[in-house]
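Student: Could you walk me through this structure? I'm new to it and would like to start with its aromatic rings.

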Amino acid sequence: MATDILAEITGMLVEIVGDEYLLAEEVTMKTTFNEDLALESIEFVALAELLHHRYGSDVDLMGFLAEKDMDAILAMSVGELVTHIGRITHTSLARVSAGTSPASAG
């Protein structure tokens, strides 16, 4: 599952930053957004939008970042985001399979 999420995030980053840059640096779980990818705030916003479209409102990148201090944001790796998305999507799938989704409650 993490490998699939990493591949999807890599695709999103290629779309945002451009292939040329990412082809020079292979994106891994240890790749950092700040030091390795040099993502700017507008690119984080674009990534947040793509994540929202792909995974829904449960994956809230800006909310995830808001829980971190500046040093943690600057040091954040792609792997941290992959883990966060995996946790959120796993919880969402568990709720749906347990029949606790809002649609089944009514």
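**Rings, a helix and confidence**

Tutor: By the pairing rule used here (rings of Phe, Tyr and Trp, the last by its six-membered ring, with centres within 6.5 Å), there is one aromatic pair. This is a predicted model, where local features need pLDDT of at least 70, side-chain atom pairs count only at pLDDT 80 or more, and totals for chains, interfaces and linings use all residues. Residues are numbered from 1 along each chain as its sequence is written, and side-chain values use heavy atoms, leaving out hydrogens and water.

Student: Are the planes of Phe33 and Phe44 stacked, edge-to-face or tilted?

Tutor: Planes under 30 degrees apart count as stacked, over 60 as edge-to-face and the rest as tilted. The ring centres of Phe33 and Phe44 are 5.4 Å apart and their planes are at 50°, so the pair is tilted.

Student: How far apart in sequence are the parts that this pair ties together?

Tutor: Phe44 sits in helix H3 (41–55), and Phe33 in the loop between helix H2 (19–24) and H3. Helices here are DSSP runs (H or I, at least four residues), numbered from the N terminus. So the pair ties together parts that are eleven residues apart.

Student: Is Phe33 buried or exposed?

Tutor: Buried means under 20% relative accessible area, exposed over 50%, and partly exposed in between (1.4 Å probe, protein chains only). Phe33 has a relative accessible area of 0%, so Phe33 is buried.

Student: Which element has the lowest mean pLDDT?

Tutor: pLDDT is the predictor's confidence in each residue, from 0 to 100. H3 has the highest mean, 94, while the lowest, 47, belongs to helix H7 (residues 102–105).

How values were computed: Helices (H or I, at least four residues) and strands (E, at least two) are DSSP runs, numbered from the N terminus.
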